[in-house]
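Student: I've got a structure to go through and I'm a bit lost. Please walk me through it in plain words.

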Amino acid sequence: MNFFAAKDISKYYGERLLFEGLSFGISKGEKVALIADNGTGKSTLLKMLAALEEPDTGEITRMTDLRIGYLAQDPDFEKSWTIQELISTAHTHKLEIIDRYHQMLQKQADDPTAVSANEFAQVSAEMDVINGWDYERQQQIIFSKFNFFDLSRKIDSLSGGEQKRLALALVLLDNPDLLVLDEPTNHLDIEMIEWLEAYLSPSTTTLLVVSHDRYFLDNVCNHIWEMSDGKIFHHKGNYAYYLEKKAERIAIENVELDKAKKLFRKELEWMRRSPQARTTKAKSRINDFYDIKDKAHAGKTKQELQLDIKMERLGGKIIELHNIYKNYGEKPIISDFTYTFKRGDRVGIVGPNGAGKSTLLKILADEEKIDRGKIKRGQTLKIGHYRQDGIQLKPQQRVIDALKEIAEVIVLSSGRKLSAAQMLEYFQFTPHMQFTHVSKLSGGERRRLYLLTVLMANPNFLILDEPTNDLDLGTLNKLEEFLTTYPGCVVMVSHDRYFMDNLVDHLFIFQGEGKIKGYNGTYTEYRLSQASQPTEGKKVKSTAAQDYDSIKSAKRKQQQWQRKVMNLEKEIQSLEKKKLEIEGRLTSADLALEDITKLSNEVGAILQKIEAKTEEWFELSEQSE
């Protein structure tokens, strides 16, 4: 069943063409990731598919009565409302059906008639459609997962990250036919992302998502759309499969491009001899020459830079933390933490939102003072701090001028100097974009420029607070390449597990109440170690054996969980089928009062079973990691 189909759609942003002549469709049950660089119009495309914008040319057809849930990258709420008021307003249709169901149920109990039985059956069918039976339970589970316990809080008291999490909770609670999500993992901690994966993966909800979280795409999506050069390339499979197929496609394109260039050089020599187009054959060859020329110049030649930065050498002392403490009021953030940084340290910081991760980064950057303890810093230390909230850029300043304010050049270890313009181009700012005013940049492009201002200062100790937010996958790959060869120390907070696994080899794990645990290894290795802790009295196996057993155990648990979920879904479907059969019998005008009461009681008993089974299903979803 096709939910929607787009045919030859195009969109302009002012005079700038975002995309042209795109055609595609999405079917029920597909989970699609849309991948494209920033500034190519992917968020605009999502809005068009969610029926919030129209294409300038072409058409989009949607299934009748298709219910679409849309998560914007930057949600906009009425600031004076409470969370509860927002819930009531956001799900008016669903709440009206639930309220009408309770009214009909009471009416059926007080004054059962054939008419009321028919009305009850109709509203029960509507409850099935909206999955309204366990609305309150779903609300409790979803909102608690995103750390919303006080629904009387005003929207204007929420941070930007909390508002994004609230918007995501609302759209999941709505349970639409099609979920359209623009960067859903931004502002979620790792535990929330893993819960979201477990929630979406087994569901039958159709999904269209833009995300830079590669593990999320790998674990959730089964279709990848790559929007590139005005086309959409469709790959059926997860993100890892897409990367494999994209590499094959590029290799084939490069071979064809190389052939076209060789043929072009050969035909160019013929053209330079000034052939007289007197014969039909000569005219045809001239026409073919221009086709070959277009093909030979269609490819984009990319000069790949190796950014091996020459920075000021770190001395023997870098940063030493000795028994440091930090509280906010009576809440302990850091308690008795000690660590000595060494050359080449690459540290990742993980923990729930609000645990104090950003506070530790500010302490390292000497932007916040500790309550107790001692911090020693080396004399050669030069810190670059990328903050989550960014910096204020001058709107009327050109992009290249904003970077030149920091430095005109950056020196590579080979002695070669890299200009601000070359650095911008490396991070995907085209020559045209470099002379654009900062005010014209998208949110992702501004964060990319801010990141460059930090890197151009040539620090030897990098502190990165959520550097992957709002960056497209192309920029993420460039940043990873840069950090892989970066010779200084790196400390980062990131919810992007793939990014962390590639770049860090030591973790600071915030455990609550100010406790910070150290772990040598990547985030995935830490999760595997947590999944199979040896019990007391048992012989401890070798590290390799433990890793192998951990992987086997994790797979076995996943298989057991999947079987339980499938069995529960079958039981729920069977109960719902039985409920519909009884409700159909209730519509009969020949039923006696005694029969109506009996059948109504049976429906009530079945509803209780459905609620219990659904609650068990949600509990399994919470345990799925």
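Tutor: Helices (H or I, at least four residues) and strands (E, at least two) are DSSP runs, numbered from the N terminus. This is a predicted model, where local features need pLDDT of at least 70, side-chain atom pairs count only at pLDDT 80 or more, and totals for chains, interfaces and linings use all residues. Residues are numbered from 1 along each chain as its sequence is written, and side-chain values use heavy atoms, with hydrogens and water left out.

Student: Okay, so which order do the strands take in the open sheet of 6 strands?

Tutor: The order is 14-17-18-12-19-20, and the pairing is mixed. Strand 14 (383–386) and strand 20 stand at the edges with a single partner strand each, so one side of each has no neighbour in the sheet. On average, neighbouring strands here are turned by 15 degrees against each other, direction ignored.

Student: What holds strands of a sheet together in general?

Tutor: Backbone hydrogen bonds do the pairing, either parallel or antiparallel.

Student: And how do strand 19 and strand 20 pair?

Tutor: Strand 19 (residues 506–512) and strand 20 (residues 515–520) are antiparallel, with 6 bridges. Phe508 has Gly518 as its bridge partner in strand 20, and His506 has Asn520.

Student: Where is Asp65 found?

Tutor: Asp65 sits in the loop between strand 4 (57–62) and strand 5 (68–71). Asp65 has a positive phi too, of about 60 degrees, and isn't a glycine. With 70% relative accessibility, Asp65 counts as exposed.

Student: Back to the sheet. Which strands does helix 18 lie across?

Tutor: Helix 18 (residues 523–531) lies across strand 12 (346–350), strand 19 and strand 20, and runs at about 105 degrees to strand 20. For such angles, axes are lines fitted to C-alpha atoms, for helices over the stretch in contact, and the angles run from 0 to 180 degrees between N-to-C directions. Contact means heavy atoms within 4.5 Å.

Student: What about the sheet with 3 strands?

Tutor: That open sheet has the order 11-10-13 and antiparallel pairing. Strand 11 (331–340) and strand 13 (372–377) are the edge strands, each pairing on one side only. Neighbouring strands are turned by 20 degrees against each other on average, direction ignored. Strand 10 (residues 319–328) is joined to strand 13 by 5 bridges, and Ile319 has Arg377 of strand 13 as its bridge partner. Helix 11 (residues 357–364) lies across strand 10, strand 11 and strand 13, at about 130 degrees to strand 10.

Student: New topic: which residues touch the most other members of the largest nonpolar core?

Tutor: Phe143, Phe146, Leu166, Leu172 and Leu200 do, out of 108 residues in that core. Helix 6 (residues 160–174) gives the most to this core, with 8 residues. A nonpolar core, by the way, is a set of buried Ala, Val, Leu, Ile, Met, Phe, Trp, Tyr and Cys residues joined through side-chain atoms within 4.5 Å.

Student: So what does Leu172 touch?

Tutor: Not counting residues up to four places away in sequence, Leu172 touches Ile142, Phe146, Leu179, Trp195, Leu196, Tyr199 and Leu200. Apart from this core lies another one, of 27 residues, including Leu321 and Phe337.

Student: Is helix 7 mostly covered or mostly open?

Tutor: Mostly covered: in helix 7 (residues 190–200), 10 of the 11 residues are buried. Among them are Trp195, Leu196, Tyr199 and Leu200. At the helix start, a side-chain oxygen of Asp189 comes to within 3.2 Å of the backbone nitrogen of Glu191.

Student: Last one: how many helices and strands does the protein chain have?

Tutor: The chain has 20 helices and 20 strands. Of its 625 residues, 46% count as buried.

Notes:
Buried means under 20% relative accessible area, exposed over 50%, partly exposed in between (1.4 Å probe, protein chains only). A polar contact is a pair of N or O atoms within 3.5 Å; within protein, one must be able to donate a hydrogen and the other to accept it, and residues adjacent in sequence count only if both atoms are side-chain atoms. Two strands pair if DSSP finds at least two bridges between them.
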